[in-house]
Each structure stands twice: as C-alpha cells, then as structure tokens.
Amino acid sequence: LLVAGDFEYGVAMRVPRATAFPRAMAIGATRNARYAYEVARVTAIEGCALGVRQNYAPTIDVNNNPRNPVINTRSFGDDVSLVSDMGAAYVKGTQDGGMISTVKHFPGHGDTDVDTHLGLVTLNFDKKHFDQVELPPFKAAIKSGAKSVMVGHIAVPAFDTAVGIPATVSSKLTTELLRNELKFDGLIVTDAMRMRGVSVKYAAGEASVLALKAGTDIVLMPTDIDVAIDAIIAAVKRGEISEQRIDASVRKLLKAKQWAGLDKNRSVDVDKIAGVVGSRGHELLARKVARNAVTVLGNKKEILPLSPTDTRKILDLVIADTEDPREGRSFHSLLRERRNNVDFAKVDPRSNELEYDSIIESARGADIILAQLQLTTRSGEMTGFISTRQKSFLTRLASLGKPIVAIAFGNPYVVMDLPKVESYVCAYSSSDVMQEAVAEVLFAEEPALGKLPI
C-alpha cells in the first residue's frame, strides 16, 4: 500500500512524539531555503520510518489575502519569489528523504477569504494574474521534480467559464492547464472530497466520477467510499470512463510505489522507529529554525529586551480564540522561569464583562503588559482572528498608557486590528520550539533574526 499523510509542519502534526517544526510562514521568515529543504527531508525520513511514503505538503499558495481563514501561516508568505524558492526546496528535501511530495492547492488558494472546508472558493482573476501570482510556485515545484499535485475546490472562471465548477472536477484546470500547459505528468490528487467546497454540489459517486474524468489519479476521502467505488465501476461499464483511462492512473500509482521502493520492501522495521522519529538531532533542527524565525517589529521606548533582574511588574495576558484552559500556560511557565514578578490573565470566547473589568483593574497595577495572541486559523473552524469584544477590550487596555508587547503565536495579520503596541513579535505558531525561541528573544538570550515574509 502507498500510505499518505498530511505532515505540513512535520510528522508530529498527526503522530505523537514525532518532531514538530515551525509553520511554513516561520520558515519563510528565516529567508533561508536551506531550512525548507532540511525540514522537508527530516519530515520525510520520519514519515518513511513509519511507513508513510507520500506527504500532502508543501502548501505553496501565495497568501496575499490577510483575511484568508484557512491558509495563513501554512503558506511561506505573500511574496511570489519567496514562496516559489521555499516550495521548490521543500519538494527536493521531501523527495531526497524518500517521500513523495504533494504541492497544494492548485491552482492557488492564497487570495481568498473563504475556507473550502465550508464552501466553494471562486477566484475572479484574469489569466495574467494567475501567470504572475498563483502559478509560478507550481511551475517552480514541477521544475524541482514534484511527483504529485493536489487540486483544490476552487472555481476559476478565467480557465473554466462554467459557473461554480471546482478545479477538482474541471478538465480545463486539471488536464488542460495542469497536465498539458504546465507539463505535469505525475500523480494528481483531489483535496478531500468530503469538504463542502465540492460535497454541497455533488453526491459522493458523481463527484468521484467527475474528478476522474477531469484527470485525477487519486480521489481523496469521498463522503462515502463504497458509493464512490460503485459509481466509478458503473461509469466504466457504461463507457463513460474507459478502462484505458483507469489503467493510466494505475500505472502512475505503480510507478510511484516503485520509486518509493514498495516493490522491494512492503513493511517497516518497527525496532528502528524510536531511533529515528523525534530524535535529538531532528529536535535541534526544529529549534534552529525557530530561533531564526522569530520576528520583532518595532521596539518603541526600548521595552525589549526584558531583564531577569528587572523589578517592574509584568501582566501576561492571553487573548485566545478557543476555550482550552491550557492555552498560554506553557509560555507563561517560560516567563516565570526567568522572572518571578509575572501575573497571569486570560480572555477567551467565554469571557464576560466582569472578567474584562477585573483584568483592566489588574493591568492598572502592572508596569508592562505582555499580550499573548493565541489566535490560530484552523481548517473548517473560522478561528484565528480577534473578536469584536476582544478588540474593544484591548483598546480599553491600551488607554491605560502601559507599554504593550504583543506576541502573535499564530495569525500575524492580527496586528492590523490591534490598538497601538510598543513592540510586536511574530512567532507564527504556538509550537513548543517557537515558544521557547520567543522567550529567548524577549530576554536577549538569542537575537531576533526573522524577517516578516508578508
């Protein structure tokens, strides 16, 4: 079997105790494509050790819409050249590590404010825009040898004038553009077919048949697998899909399996897993990337760096978009390891006006406010953005005149909705290595080396 996984920020995205790397946007902030290569190579090595030989990564969408609710930090940035270079390096690293790389989401999911898990995306741009923005990273990835491309549930009238037709079921996008024009001859896989971007319009069987007719080789996660298989078989029997068309995809899959060595070795050595997955060397790479990614914007009044011997009182305030009581606690522990005079407060979607008022009173007694912005875009959840109530609360907080250091442990674009802050730190995710790297930067244990990739 060819087993695939979605390991965008390392195998730890799906498997406990594997190595968790910083998000793609953090790698973009290092401006070092070698890190993209090494992260991909290590992810591939860990994945192969577990028997997973295809990675549904990297995400090479150009995230040029700050309100994008699903791509965001999964992208390397909003600069076409940066995304192209990082994506190509990630592809090469993945495949040098023995795993098939799958670039996504063709023909580009960066300039949208709709989550395809929840609805169909339509990109109303002309072909010139696609040639200049959306397609260059895919061209670079194909040139770099990418063996697989994932097609998204994205309607593009510039290439397919039929109303509301997702690329996943469009031959004009999957075959004419991707296969014929861009000369891609590898595996084409759909994005998950249970996502509402396609499932609200087509039944499971119909969607799967249309995807194959469009030029797809792998139909990913139909809403009903048995129905999908029966529909494909029926389409072949009635001549709607030829057996030769099925054979062409089967040959590609066999070729991919042969490249991965599955014809020679079908199983993994479970005794070797512990020495590979989550190894010390891989963890050190994750730390190195994180330290080179932390980005500090502005340092008015020279609030940073903080000093372990400073007697000024800090209020560590967590602004969260989930109700998880653990949110922000691990970073608070890192602060307390360095200074004793740090208080903790938190607001989340459940917080009421009494809690807000209480925190405002606590803030009056603080000398510095450190705001942890635990706001992360999550597929299908429409999270990652500051709520109207939280924004109003932060405006009240800023009116106290206390210096504020805001740390984005997720969506970096949140700064656009904040009142004035003295310093803004971008970590791009709340992974352990990123939190540790931020603490090191705040206390001048390590320099701030990241450059904003958006």
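## Around Asp 348

In this predicted model, Asp 348 touches Ala 320, Thr 322, Glu 323 and Gln 390, leaving aside residues up to four places away in sequence. To find Asp 348, look in the loop that runs between strand E10 (342-347) and helix H14 (353-364).

Is Asp 348 buried or exposed? Its relative accessible area is 8%, and since buried means under 20%, Asp 348 is buried. Its side chain also reaches the backbone nitrogen of Arg 350, at 2.8 Å.

## Aromatic pairs

Let us turn to the aromatic rings. How many aromatic pairs are there? The count comes to six. Phe 106 and Phe 138 form an edge-to-face pair, with 5.3 Å from centre to centre and 90° between the planes. This pair links distant parts of the chain, as Phe 106 sits in strand E3 and Phe 138 in helix H5 (residues 136-143), 32 residues apart. Both Phe 106 and Phe 138 are buried.

Tyr 356 and Phe 393 form a tilted pair, with centres 4.8 Å apart and an angle of 35° between the planes. Tyr 356 belongs to helix H14 and Phe 393 to helix H15 (residues 388-398), so this pair ties together parts that lie 37 residues apart in sequence. Tyr 356 is buried, at 3% relative accessible area, and Phe 393 is buried too, at 2%. Elsewhere, Phe 125, Phe 130 and Phe 159 form one aromatic cluster.

Pro 107 is found in the loop between strand E3 (100-106) and strand E4 (121-122).

The peptide bond from Leu 304 to Pro 305 is also cis, with omega near 0°. Pro 305 lies in the loop between strand E8 (295-297) and strand E9 (314-320). With a relative accessible area of 47%, Pro 305 is partly exposed. Which residues does Pro 305 touch, not counting those up to four places away in sequence? They are Leu 442, Phe 443 and Ala 444. Pro 305 and Glu 445 are 140 residues apart in sequence, while their C-alpha atoms are 9.2 Å apart in space.

## Positive phi angles

The loop between E8 and E9 also holds Glu 302. Glu 302 is not a glycine, although its phi is positive, at about 50°. Glu 302 counts as exposed, with 66% relative accessibility.

Tyr 428 is another residue other than glycine with a positive phi, in this case near 70°. You can find Tyr 428 in the loop between strand E13 (423-426) and helix H16 (432-442). Is Tyr 428 buried or exposed? At 1% relative accessibility, Tyr 428 counts as buried.

Which residues make a nonpolar surface patch of about 270 Å²? Ile 225, Ile 229 and Ile 233 make this patch. Ile 233 is placed in helix H9 (residues 225-237), and Ile 233 is partly exposed, with a relative accessible area of 41%.

Notes: Residues numbered from 1 in each chain as written. Predicted model: local features only at pLDDT ≥ 70, side-chain atom pairs only at ≥ 80, totals over all residues. Heavy atoms only, no water. Helix = DSSP H or I, 4+ residues; strand = E, 2+ residues; numbered from the N terminus. Buried < 20%, exposed > 50% of the residue type's maximum accessible area, 1.4 Å probe, protein only. Polar contact = N/O pair within 3.5 Å; in protein donor to acceptor, adjacent residues only side chain to side chain. Contact = heavy atoms within 4.5 Å. Patch = residues over 30% accessible without salt bridge, like charges linked within 9 Å, V, L, I, M, F, W, Y side chains within 5 Å. Areas by Shrake-Rupley, 256 points an atom, 1.4 Å probe, with all protein chains shown as cover. Salt bridge = Lys/Arg side-chain N within 4 Å of Asp/Glu carboxyl O. Phe/Tyr/Trp six-rings, centres within 6.5 Å; stacked < 30°, edge-to-face > 60°.
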